[in-house]
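Welcome, and please open the structure in your viewer. We will go from stop to stop, with something to select at each one.

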Amino acid sequence: MSLLSVRDLTVKFAMRDQTVTALNGISFDLAKGERLGIVGESGAGKSITGFSLMNLLSRPGYIDSGKILFDGEDVVQMNNKKLRNLRGNRMAMIFQDPMVTLNPVLTIGQQMIETLMAHRKLSREEARQIAIVKLREVYIPSPEERLEQYPHELSGGMRQRIIIAIALLLDPQLIIADEPTTALDVTIQADIMELMLELCQSNQVGLILITHDLGVVSQMTERTLVMYAGRIIESGRTREIINDPQHPYTQGLINALPQQTLPGQRLKQIPGNMPGLVSIPAGCAFNPRCKYATDFCRSRVPETEHYGKVEVACHEVQRLNSDEDRQEAQA
Amino acid sequence: MFAYLAKRVIQAVAVMFVISLIAFAIQGNLGDPLRELVGQSVSEEVRQQLRDEMGLNDSFVTQYLRFAGNALQGDLGTSYFFKEPALDVILKKLPATLELVFGATLIIVGLSVPLGVYTAIKPDSILSRIIMGLSIVGISIPVFLTAILMIFVFSVEYGWLPSYGRGETVQVWGYWQTNFATADGWLHIILPSIALASIMLPLFVRLIRAEMMEVLQSEYVKYAKAKGINPWRIYFVHALKNTLLPVITVGGVQIGTMVAYTILTETVFQWPGMGFMFLEAVNRVDTPLIVAYLIVVGFIFVVTNTIVDLIYGLVNPTVNIARMGA
């Protein structure tokens, strides 16, 4: 049985004069200990997906319909007490910017110990010992001293390690990491990713990695979801998606990577921008930026279908592939 | 620590210098002191002679230096009316004023935190709307009007509370007479304290509410929720501590300002403090007393602000006083 099973999740935002849909009926599964990447441009709904899984959307956002079954229980239906027991305990989250995630006026020790004591009946000293062990696991030198320090006394990379340690404190079944390295130096990014991969593998923790970095996804995850304008437009094994993307948007993302471009050439970016939530185009939301779009694409939203080894939501995927085959055959 | 303290003290001295300069400059423009000292029958020659003796014909700088030198030795001149050293007159009145400020501060601190936090957590509740509405009313009505209204309602109409004076006080130490030792003293200080708090309390409720609402939107509060922390702990440990940092800074300045508001409150309630005394001194053109009052109040202001800065350093871990040098 899968650890997490999301079914037709729809999230809306109640704005002053209208209600907009941020997530439009997304569904996916995650097996125990599986690592899943969610990619897409800014505004695709990746972070909202992450926060929804913990039922932690702040106003004006709310879950309109759908199910989030975690270990068989629906997170959407949980009361506050059950949600508190879930958060930080069975499902932990790593936020984007370590510089603003930790409370500036509480010591690292206070912030770690309170998390343990919120979920387990422990003495302060027992909690402290667990905190020290976890800080060692994320390779923090002299953890006893770190516990007495305030966040501002530590570097960004160090803080993100501490946040990873806090995520691991209660041995959760799933960690949701929302762009965990975006705010860090490139050199530290690799370290943090390596650390997360190592810890997830050794502790059998499931991981949902939200990122716009396809390189990171290919190293870290087994499966990938590609999101666009609040929908999953392609999903499958990470290897297939990176090596043989089917949706024109995924193809565009991969072509835009610097590795796909010769030195001195311009990067091949996807023309146009992600539509805002209030102005999602009719039909396939990607149609204004898609060079293959037909009138049919502009009028009907594509269903998700099996195609080859992946699932993809595109009307034209079949024709594109046959065209490609023909071109290859001619060549 | 020492370097920081030294720096603060030097700043305080500079501020005191400016205050004394202003106070002294006022002195020269508040009428002729001889008119107060001697009768009309004294001839112009004698007056000139007295002026010379008192040094009133010396240059401004010479006069100021003499004044500052005396002030440093605790001599702020002699009150024309009381025929006593001005500083003594003020020190006798000071405890009454400080107790009034203390009473108002108790009300402000005791109510502003719970009200501010509540209105921040439940901004849409009816009670919050009522509190916020009343706070606007409180800020808008001048202190003396609030005071008169309260006297009218609670003293004249219902006769629950006394309307003037300190009532029965108990000698504590030196000039210090306290209101807080007898029931009568407590009854007398209630209305003046509320009147004095009537402007600052709504201000603080609004300030705490605004800061708290901002803090509740922050990433670290969201993160605390994601860790499954109890909401009460989030409100009162995670959020309130961050909320109070800016409030402490503003609060320090406001406590000083409150000393100024005592002039109005004490006058309406005939409270025998230094604010009431100051108004009388102005009526009597008792120049040395006016100048001494300005200097003492300036001194209180500077001292409270310095203390508040030190407290801020203790509460805010990102300000490290111990390591703060130049």
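Which residues have the most contacts inside the largest nonpolar core? Keep in mind as you look that this is a predicted model. Select A:I175, B:A292 and B:Y293: these have the most contacts inside that core, which has 147 residues.

Leaving aside neighbours within four places in sequence, A:I175 is in contact with A:A92, A:I94, A:A167, A:C200, A:V205 and A:L207.

**Next stop: a pair of helices in chain A**

Select residues 156-168 of chain A, which form helix 7, and residues 186-203 of chain A, which form helix 8. Their axes come within 10 Å and cross at roughly 15°. An angle under 35 degrees counts as roughly parallel, and helix 7 and helix 8 of chain A are therefore roughly parallel to each other. The crossing of these two helices is right-handed. To see where they meet, show A:G157, A:Q160, A:R161, A:I164 and A:L168 on helix 7 of chain A. Facing them on helix 8 of chain A are A:I188, A:D191, A:I192, A:L195, A:M196, A:L199 and A:N203. By class, this contact has 7 nonpolar, 3 polar and 2 charged residues.

**A second pair, for comparison**

How do the axes of helix 4 and helix 5 of chain A cross, and at what angle? Select residues 108-119 for helix 4 and residues 124-137 for helix 5 of chain A. Here the axes come within 9 Å and cross at roughly 110°, so helix 4 and helix 5 of chain A are roughly perpendicular to each other. This crossing is right-handed as well. From helix 4 of chain A, pick A:G109, A:M112, A:I113, A:L116 and A:M117; they meet A:R124, A:A127, A:R128, A:I130 and A:A131 in helix 5 of chain A. The contact has 7 nonpolar, 1 polar and 2 charged residues.

**Two places in the loops of chain A**

Zoom in on A:R59 and A:P60, which are joined by a cis peptide bond with an omega of about 5°. You will find A:P60 in the loop between helix 1 (46-53) and strand 4 (61-70) of chain A.

Then move to A:Y139, in the loop between helix 5 and helix 6 (143-148) of chain A. Its phi is near 60°, a positive value in a residue other than glycine. Is A:Y139 buried or exposed? With 12 other C-beta atoms within 10 Å, A:Y139 is exposed.

**Over to chain B**

Colour chain B by element and you can pick out 12 helices and 2 strands. The C-alpha trace of chain B spans about 85 × 60 × 35 Å along its principal axes. Of the 326 residues in chain B, 33% are buried.

Look for B:V285 in the loop between helix 11 (274-283) and helix 12 (287-315) of chain B. B:V285 has a positive phi of about 45° although it is not a glycine. This residue is partly exposed, with 16 other C-beta atoms within 10 Å.

**Last stop: where the chains touch**

Show both chains again. The contact takes 18 residues from chain B and 24 residues from chain A. On the chain B side, select helix 9 (219-226) and helix 10 (231-269), the elements that give two or more residues to it. Helix 9 of chain B gives the largest share, 7 residues. By class, the chain B side has 6 nonpolar, 6 polar and 6 charged residues.

How values were computed. Residues numbered from 1 in each chain as written. Chains lettered and ligands numbered in written order. Predicted model: local features only at pLDDT ≥ 70, side-chain atom pairs only at ≥ 80, totals over all residues. Axes fitted to C-alpha atoms, helices over the stretch in contact; angles between N-to-C directions. Helix = DSSP H or I, 4+ residues; strand = E, 2+ residues; numbered from the N terminus. Parallel < 35°, antiparallel > 145°, perpendicular 65-115°, else oblique. Left-handed = near helix turned anticlockwise from the far one by under 90°. Contact = placed C-beta atoms within 7 Å. Nonpolar A, V, L, I, M, F, W, Y, C, P; charged D, E, K, R; others polar. Core = buried A, V, L, I, M, F, W, Y, C linked by C-beta atoms within 7 Å. Buried ≥ 20, exposed ≤ 12 C-beta atoms within 10 Å, placed from the backbone.
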